[in-house]
Amino acid sequence: MITETRSGPDRRRLLAGGTALLASAFAGRLSAQGAEPIKVGYIVPLTGAYGADATIQVKGAEVAIARFNEEGGLAGRMAQLLVRDDKLNPGEASTRAQELIERENVALIAGCFGAPMLAVNAVTRQRGVLYNPVGASDAIVSASDWSATTFHEGPTPFMLAGALARYVVPTLGGSKRVALLVSDYVYGHEMVRGFVPVATSLGAEIVGEVRHPLGATDYSSYFPRLLAMKPDLLVVMSFGRDQQITFKQATEFGVKRQMRIAAPQLVHTARIIDGHSHYEGIVGGTGYYWGIENEIPSAKAFNDRFRRMHGGQNPSDYAAVGFASVMAPLIAMRNAGTTETKAVVAALKALRYDLYKGPQHYRACDQQAVQSILIITSKPPKEASVKDDIFKVLAVEQGSEDRLASCAALGHKT
Amino acid sequence: MSVAQTVPAPTGLLARRFGPVGSLALALVFLAVLPLVLPYTSLAGTVLVMGLFAAGYNLVFGYAGILSLGHAAMFGGGAYTTGLLMLKLGLSWPLAVVAGAVAGALVGIVFAALALRTRGIYFAMVTLALGQCGYQLAITFADVTGGDNGLRGFVAAPIEIGGLVLDPAQPMVRYYLMFGFAAVALAGLARVLVSPFGMVLRAMRENLPRARACGLDVRGAKALALALSGLVCGLAGSLYAIHLSTVPVDTLGYHLSGQAVMMTLLGGMGTFFGPLLGAALFVGAEHLVSDVTEYWQTVVGILFIGFVLFCPKGVWGTFEGARQP
């Protein structure tokens, strides 16, 4: 302490010491401000039915943070990930978003999927905070939910279902009778809206649609109705546990022998849990599969970094989109030279990026990521190179704005 | 046997020790300081809304001894009414909040008309079914309600009071605007509880046949209790819509009805302050423990079991009991 000198307090020494102390404190503060981290809020349902996907998605976001920091951050400012569990509850997600904005002053909120995604959008829109969710939703890119600060990283149902239809319908041959088994909530409905127009334009006949409640556990009562329609193809418009149980029971009840089965979205973690037998022969879409690394250099770079950080594990589809949902805005911040939202939004709009699966950009009218969709099917274990080599890539539909729902159809002024 | 008979009876309509004014003052001071002591303001907002919801629920559960498992319909009814009036008719948010509270009361009246023919566990089952009807209606009429995605697109605009512009987008401003509504509701609730009608509720809870034998209009009193409870719960739902700027469909779900029971039991059923404290403990524990561990449900579950075992009258009920001479 300056005042605790043996010779007693001397005014000049006190003044000099005090000035030095103030100066060092001020310098320290300036230095701390210079190194103030760029906080990224990451809201995902770690608790609940999609906990496995959310957990690996966080790992993808961690890769983005690590890469950004290794590359020097934003003029020395490092990024910091703040993960919050929304418990798959929109109210909780909204409160968490408010907390991240109020207390942490985050520069970006990312990660959300499911119903919480739109609840968080209501908060970020009101507060003018940059937001980049990943969930498969057409609503988030529609005009009614549009926000200048909201981008959308994940593939939409329209994109996934359309890509599936374009691949699978031409493979059906002469008879193109298609039946739909639809989970009766917004995800299933959006998938139907994406699939049916494309399929019918390619000559498919939709012979019937059976809806089941979300969370159904017994599909045996639906199968006779579907079999009676005599379809060539059954498209399963459901997600998560609903989809897994449908595939399992379709195998056990011999439905697969009567018709082909497809689903707009197949998920890496679900296939690992349920194994090949239930997924055998089923064709589906996905935003990413790590096995494309031999063809796409950015996929190889992302996979290598992910494996290095996470004990050799290969990234899932959710890990990849989780990575991009953070990496793209961070690159935009670097390009803009600031974290100021307006400047970052402009940089994101101008961004052309290839982070993990080829070229991408955000469409001007709705700010959704224009991206490729992979058509995949389950790979038998005997053909797998490693334990999590679980899918074969049948086709890649390159990203193009004309593959998306039109701006007008989504309610945007063109 | 009513639920009230299975749980030790609490001390009084309003805390006897604190008196009506004291209990109300305690509740208001508690809510007033919440945003200053909790880690962030929006958490205080959630506690306020859930506390008001539990306080409204306590009117029928704690004071009248009626177990309802469908109160989310009143909460969600208020939330959706507020959101829809703002979104579709452009109504100012304070008016929409009042309308939401009235909608909650109307739901309470519907509950009374359809469920009061039954008693005890049968009443609980009917209310559960009615609550789920509300949920299914919201899912079915997705074009109006937003379905699973919830109702979105409305924002509480700034209001001017005496030349002072108050913007609900500011967390602290929003909190104290909500606090204003909650304070009026709690004052009204306190007034009801010390009125003769409050005594009727207590009489029904303690001994229903005797209350009927005394000539009290038991069914009418229950119906009025449900309507008043709906009014407060509808207000809580309306404030929740303002708090989140969206109405999740879960506001009509049976989980929320169950949460009302848990918050009320945790704080102390039949006490004025207990439900507010129960909401703070429940919401606070859920938020804060989940920040620390992904096994937060286990921790919160153990805490809840501990409270039920060692504080059967709830935290505040036990405290008040210990203060009895």
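This is a predicted model: local features need pLDDT of at least 70, side-chain atom pairs count only at pLDDT 80 or more; totals for chains, interfaces and linings use all residues.
## Overall build

Chain A holds 14 helices and 14 strands. Its C-alpha atoms fill a box of roughly 100 × 50 × 35 Å along the principal axes. Of its 414 residues, 50% are buried.

Among contacts in chain A with a separation of 6 or more, 69% join residues 24 or more positions apart.

## Helix 2 against helix 13

Two packed helices are described by the angle between their axes and the distance between the axes. Helix 2 (residues 51-70) and helix 13 (residues 317-336) of chain A cross at roughly 35°, and their axes come within 7 Å. The crossing is right-handed. From helix 2 of chain A, the contact residues are Asp53(A), Ile56(A), Gln57(A), Val58(A), Lys59(A), Gly60(A), Ala61(A), Val63(A), Ala64(A), Ile65(A), Arg67(A) and Phe68(A). Helix 13 of chain A supplies Tyr318(A), Ala319(A), Ala320(A), Gly322(A), Phe323(A), Val326(A), Met327(A) and Leu330(A). By class, the residues of this contact are 14 nonpolar, three polar and three charged.

Ile56(A) sits in helix 2 of chain A. Ile56(A) counts as buried because it has 22 C-beta neighbours inside 10 Å. Leaving out residues up to four places away in sequence, Ile56(A) touches Thr269(A), Ser316(A), Tyr318(A) and Ala319(A). Ile56(A) and Ala319(A) are 263 residues apart along the chain, yet their C-alpha atoms are separated by 5.3 Å.

## Helix 3 against helix 4

Helix 3 (residues 90-102) and helix 4 (residues 116-127) of chain A also pack at an angle of about 35°. Their axes are 8 Å apart. This crossing, too, is right-handed.

On the helix 3 side of chain A, the contact uses Pro90(A), Ala93(A), Ser94(A), Ala97(A), Gln98(A) and Ile101(A). They meet Pro116(A), Ala119(A), Val120(A), Ala122(A), Val123(A), Thr124(A) and Arg127(A) of helix 4 of chain A. The contact of helix 3 with helix 4 of chain A has nine nonpolar, three polar and one charged residues.

## Helix 8: a buried side

Helix 8 (residues 240-252) of chain A has 13 residues. From first C-alpha to last, helix 8 reaches 19 Å, close to the 18 Å expected at 1.5 Å a residue. Its buried residues are Gly240(A), Asp242(A), Gln243(A), Thr246(A), Phe247(A) and Ala250(A). They lie on the same side of helix 8 of chain A, because they cover an arc of only 165° around the axis.

The buried residues of helix 8 of chain A have several partners. They pack against strand 5 (177-183), strand 7 (233-237), helix 9 (255-258), strand 8 (260-263), helix 10 (268-274) and helix 11 (276-279) of chain A. After helix 8 of chain A comes Gly254(A), with a positive phi near 75°.

Helix 12 (residues 297-309) of chain A has 13 residues, which should span 18 Å at 1.5 Å a residue. Its end C-alpha atoms are 19 Å apart, which agrees. Ala299(A), Phe302(A), Asn303(A) and Phe306(A) are buried in helix 12 of chain A. Their arc is only 100° around the axis, so they share the same side of helix 12 of chain A.

These buried residues pack against helix 2 and helix 13 of chain A. The face turned away from the buried side of helix 12 of chain A carries the exposed residues Pro297(A), Asp304(A) and Arg308(A). Gly311(A) follows helix 12 of chain A, and its phi is positive, near 60°.

## Positive phi outside glycine

Ala75(A) has a positive phi near 50°, though it is not glycine. Ala75(A) lies in the loop between helix 2 and strand 2 (79-85) of chain A. With 9 other C-beta atoms within 10 Å, Ala75(A) is exposed.

Lys230(A) is another residue other than glycine with a positive phi, near 50°. Its place is the loop between helix 7 (223-228) and strand 7 of chain A. Lys230(A) is partly exposed, with 13 other C-beta atoms within 10 Å.

## Contact with chain B

Chain B places 23 residues in contact with 24 residues of chain A. Helix 3 (residues 41-63) of chain B gives the largest share of chain B's side, four residues. The chain B side divides into eight nonpolar, eleven polar and four charged residues.

Key. Residues are numbered from 1 along each chain as its sequence is written. Chains are lettered from A and ligands numbered from 1 in the order in which they are written. Helices (H or I, at least four residues) and strands (E, at least two) are DSSP runs, numbered from the N terminus. A residue is buried if 20 or more other C-beta atoms lie within 10 Å of its own, exposed if 12 or fewer, and partly exposed in between; C-beta atoms are placed from the backbone. Two residues are in contact if their C-beta atoms, placed from the backbone, lie within 7 Å. Axes are lines fitted to C-alpha atoms, for helices over the stretch in contact, and angles run from 0 to 180 degrees between N-to-C directions. A crossing is left-handed if the near helix is turned anticlockwise from the far one by less than a right angle, and right-handed if clockwise. Ala, Val, Leu, Ile, Met, Phe, Trp, Tyr, Cys and Pro count as nonpolar, Asp, Glu, Lys and Arg as charged, and the others, Gly among them, as polar. The expected span of a helix is 1.5 Å times one less than its number of residues. The arc is that of the directions from the helix axis to the C-beta atoms.
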